[in-house]
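Subject: Structure handover, with notes on helix packing and pockets

Hello,

The structure is below, followed by notes on what was found in it. Please read the notes with the coordinates open.

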Amino acid sequence: MAFFRAALALAAALAVAFAQADERLRIDVDDANPPFMYADHDRAAGVYPALLRAVFADMGVPMEVQPRPWLRALAELDAGSAGVAGIYKNAERLRRYDYSEVLFVERVNAYVRAGGRRVDGPADLAGRRVGVIRGWSYGDAFDALRRTGAVTVEEVSSDGQNFAKLDAGRLDAVLAIAEAAEPLLRRHASLRFAGTVTENPTYLAFGKGAHRLGLIARFNASLARLRAAGRVRQIVGEQLARD
């Protein structure tokens, strides 16, 4: 009987241990948005994973960064099973998610073939076929044009696919983050920068039902501490130089 009770106690302890292990904090990032966030084999790499690891190490909070297709990341954010980093704000998302302070400001540019028209803002894309990343928001102004059909949007899973389509004449313009576009422009000599469409701050976000406001406050404090020490600038510089 004593052996039986001991076995039950051990089984219960193991069950608790496995449950606790399964409850570790998970944060998703896009698996195909270099140099900011991408999958390096099974590991999340890039600017945002590096920033997350540094900030959570400063907080003393264990967590796991997971590379995911962006739509899956958003689904897990909505389900409350993970946070998401590198996400933009828009009016609809603010109703559903709690956000950290700004991680980084991404400059979204338009790119065209040589001789293509300049783009000075979202309105200049009206009437064009524009390549975007599936599941992304490019700010309220562009999203509004998209909803009304003023812009014809074609979605793919990576910037590389969009630049190839643009080079082949299948698109009129592509939207991409400046740092992500630089290596692609070197591969597609016929493509040109056409103008900056918007500047989008990025954040760490959790679904409101996850009740992570306390964690976000601690994250913000550690992020501010690392930023004041110059560590955030150093991490971003190292990651952009690497990629």
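Val 47, Ala 50, Leu 51 and Ala 54 in helix 2 meet Val 232, Ile 235, Val 236, Gln 239 and Leu 240 in helix 9, where contact means heavy atoms within 4.5 Å. By class, this contact of helix 2 with helix 9 has eight nonpolar residues, one polar and no charged. In that classification Ala, Val, Leu, Ile, Met, Phe, Trp, Tyr, Cys and Pro are nonpolar, Asp, Glu, Lys and Arg are charged, and the others, Gly among them, are polar.

The model is predicted: local features need pLDDT of at least 70, side-chain atom pairs count only at pLDDT 80 or more, and totals for chains, interfaces and linings use all residues. Residues are numbered from 1 along each chain as its sequence is written, and side-chain values use heavy atoms, with hydrogens and water left out.

Helix packing

Helices (H or I, at least four residues) and strands (E, at least two) are DSSP runs numbered from the N terminus. Axes are lines fitted to C-alpha atoms, for helices over the stretch in contact, and angles run from 0 to 180 degrees between N-to-C directions. The crossing of helix 2 and helix 9 is right-handed; a crossing is left-handed if the near helix is turned anticlockwise from the far one by less than a right angle, and right-handed if clockwise.

Helix 2 also packs against helix 8 (residues 213-228), at about 105° and with the axes 9 Å apart. That angle makes helix 2 roughly perpendicular to helix 8, on a scale where under 35 degrees is roughly parallel, over 145 roughly antiparallel, 65 to 115 roughly perpendicular and the rest oblique. On the helix 2 side the contact is made by Leu 52, Ala 54, Val 55, Phe 56, Asp 58 and Met 59, and on the helix 8 side by Leu 215, Arg 218, Phe 219, Ser 222, Leu 223, Arg 225 and Leu 226. The classes here are nine nonpolar, one polar and three charged.

Helix 6 and helix 7 pack at about 45°, with their axes 10 Å apart, and are therefore oblique to each other. Their crossing is right-handed. Asp 159, Gly 160 and Phe 163 in helix 6 meet Ala 180, Ala 181, Leu 184 and Leu 185 in helix 7. This contact has five nonpolar residues, one polar and one charged.

Pockets and cavity

Pockets and cavities were found on a 1 Å grid over the protein atoms alone: a cavity is a set of points where a 1.4 Å probe fits but cannot get out, a pocket is an open set with protein on both sides within 12 Å along at least five of seven lines, and lining residues have an atom within 4 Å of a point. Grid points are joined across faces, edges and corners, and a volume is the space filled by probe spheres set on the points.

The largest pocket holds about 290 Å³. Its lining has 16 residues, with Pro 34, Pro 35, Glu 179, Ala 180 and Pro 183 nearest the centre. Helix 6 (159-167) and helix 7 (178-187) each supply at least two of the lining residues, and helix 7 gives the most, with seven. By class the lining divides into eight nonpolar, two polar and six charged.

The second largest pocket has a volume of about 180 Å³. It is lined by 14 residues, and Arg 43, Ala 50, Arg 53, Gln 239 and Arg 242 are the closest to its centre. Strand 3 (37-40), strand 4 (43-45), helix 2 and helix 9 each supply at least two lining residues; helix 9 gives the most, with five. The classes are six nonpolar, two polar and six charged.

There is one cavity of 30 Å³ or more. The largest cavity has about 50 Å³ of space and is lined by Met 37, Trp 70, Gly 86, Tyr 88, Arg 93, Trp 136 and Ser 137.

Backbone

The peptide bond from Pro 34 to Pro 35 is cis, with omega near 5°. Pro 35 lies in the loop between strand 2 (32-33) and strand 3. His 41, in the loop between strand 3 and strand 4, has phi near 60°, a positive value in a residue other than glycine.

Regards
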